[in-house]
Amino acid sequence: ILDNQGQDLPLGLLLGNWPSSELLTEITLILLEEVLGFHAEIQEARASFGASPIWALAGCLNFDDRFDKMCGEEETKYHISVDSWIGSYQKEFDEMRDAFPATVPLNLGSMGYAGEESVYIT
């Protein structure tokens, strides 16, 4: 993959700030590099809530900010997000798609298991 200047650009993985994302992102990195032969890396910034991947994959520089995500970039260093719970944020996805149709990320579907986010009280 090359950037706008023709320089090598690794596939960037977005890491969520929750344990299952850490595990699955590491597994994805291994598969991309060692099985498929891609140059990939886990980026330093972490997604802190479920809608963050929507904005990060669209190229927003401040994807975790609720008010100023700094969107509009044509290039992003985040290309893949696994275990990202974006199905719960359809409203946010629709807003981003309407505002930035050229960089809308593709939802490739389920990873094959169901998860649930909830509040538990003991």
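Start with the charges. D94, R97 and D98 are linked in a network of salt bridges. A salt bridge here is a side-chain nitrogen of Lys or Arg within 4 Å of a carboxyl oxygen of Asp or Glu.

Before I go on, the ground rules. This is a predicted model: local features need pLDDT of at least 70, side-chain atom pairs count only at pLDDT 80 or more, and totals for chains, interfaces and linings use all residues. Residues are numbered from 1 along each chain as its sequence is written, and side-chain values use heavy atoms, with hydrogens and water left out.

D94 and R97 meet through their side chains at 3.1 Å, N to O. Both lie in helix α3, three residues apart, about one turn of the helix. Helices are DSSP runs of H or I with at least four residues, strands are runs of E with at least two, and both are numbered from the N terminus. R97 also bridges to D98, where the closest N and O atoms are 3.8 Å apart.

How exposed are these residues? D94 is partly exposed, with a relative accessible area of 25%. R97 is partly exposed too, at 34%. D98 counts as exposed, at 59%. The cut-offs: buried is under 20% relative accessible area, exposed is over 50%, partly exposed is in between, with a 1.4 Å probe and protein chains only.

Another salt bridge joins K91 and E95, at 2.9 Å, N to O. Those two are four residues apart in helix α3, so about one helical turn separates them. K91 is exposed at 59%, and E95 is partly exposed at 38%. The total count is four salt bridges.

Now the surface. L23, I27, L31, V35, L36 and F38 form a nonpolar patch, with about 590 Å² of accessible area together. Patch residues have over 30% relative accessible area and no salt bridge; like charges are joined within 9 Å, nonpolar side chains (Val, Leu, Ile, Met, Phe, Trp, Tyr) within 5 Å. Areas come from Shrake-Rupley with a 1.4 Å probe; for residues, only the protein chains shown count as cover. L36 sits in the loop between α1 (19–35) and β2 (40–47). L36 is exposed, at 56%.

Last, the backbone. M70 has a positive phi of about 55°, although it is not a glycine. M70 is partly exposed, at 40%. D83, in the loop between β3 and α3 (90–99), also has a positive phi, near 55°. D83 counts as buried, at 7%.
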